[in-house]
Amino acid sequence: MIDDLFVGALLIGWTATVHGAFMVAVLAFFRRHPFRPKRSLGRAAMITGIVLWFFLAIVAEAWCWAAVYILLGVFQTMEEALYFSTVSFTTLGFGDIILDEQWRLLGAFQAAAGMMIFGWTTAMVFDAVQRVYGDQIPKP
């Protein structure tokens, strides 16, 4: 159990660091490019790009967890580790692949990390929509 706690804390910290780096990149983009497209298609393309950027972050984070599962010897193949990592990170948790007793708490930590990351991503996309479409939102 102590191993789960230690590895889980490290991975959650790493996941937050990776996601934070992706967030900083989006914020830097908005600082460097204060323009907002005038046309709806351009604005939609900007939001789509930001959503895809954060999706890339989530994929990278799931791969990191999968790599640790392989390093710990929890799974034999990367496909199996990545599958488990993805269904855990998204909290889908099919249950068709499970962790041994020694590491099963790690799956719960990954699900908790995924919930936090998806919430954080939602907040960032919401912020981006406000920045891009802010001039079109009627003031009360």
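**Figure 1. Helices H2 and H4 where they cross.** The axes of helix H2 (residues 40–71) and helix H4 (residues 104–133) come within 10 Å and cross at roughly 165°, where axes are lines fitted to C-alpha atoms, for helices over the stretch in contact, and angles run from 0 to 180 degrees between N-to-C directions. H2 and H4 are therefore roughly antiparallel to each other, a term used for angles over 145 degrees. Their crossing is right-handed, which applies if the near helix is turned clockwise from the far one by less than a right angle. By class, the contact of H2 with H4 has 20 nonpolar, 4 polar and 2 charged residues; Ala, Val, Leu, Ile, Met, Phe, Trp, Tyr, Cys and Pro count as nonpolar, Asp, Glu, Lys and Arg as charged, and the others, Gly among them, as polar. Helices here are DSSP runs (H or I) of at least four residues, numbered from the N terminus.

This is a predicted model, in which local features need pLDDT of at least 70 and side-chain atom pairs count only at pLDDT 80 or more, whereas totals for chains, interfaces and linings use all residues. Residues are numbered from 1 along each chain as its sequence is written, and side-chain values use heavy atoms, with hydrogens and water left out.

Figure 2. Glutamine 110 is buried, with a relative accessible area of 0% (buried means under 20%, exposed over 50%, and partly exposed in between, with a 1.4 Å probe and protein chains only). The side chains of glutamine 110 and tyrosine 69 are joined by a polar contact of 2.7 Å, that is, a pair of N or O atoms within 3.5 Å, of which, within protein, one must be able to donate a hydrogen and the other to accept it, while residues adjacent in sequence count only if both atoms are side-chain atoms. Not counting residues up to four places away in sequence, glutamine 110 touches Trp65, Tyr69, Phe84, Ser85, Ser88 and Phe89, contact being heavy atoms within 4.5 Å.

**Figure 3. Threonine 15 in helix H1 (residues 2–32).** Threonine 15 is buried, with a relative accessible area of 1%. Leaving aside residues up to four places away in sequence, threonine 15 touches Glu61, Trp65, Phe89 and Ile117.

**Figure 4. Threonine 91 in the loop between helix H3 (78–89) and H4.** Most residues other than glycine have a negative phi. Phi of threonine 91, however, is near 65°, a positive value in a residue other than glycine. Threonine 91 is partly exposed, with a relative accessible area of 41%.

Technical notes. Helix = DSSP H or I, 4+ residues; strand = E, 2+ residues; numbered from the N terminus. Parallel < 35°, antiparallel > 145°, perpendicular 65-115°, else oblique.
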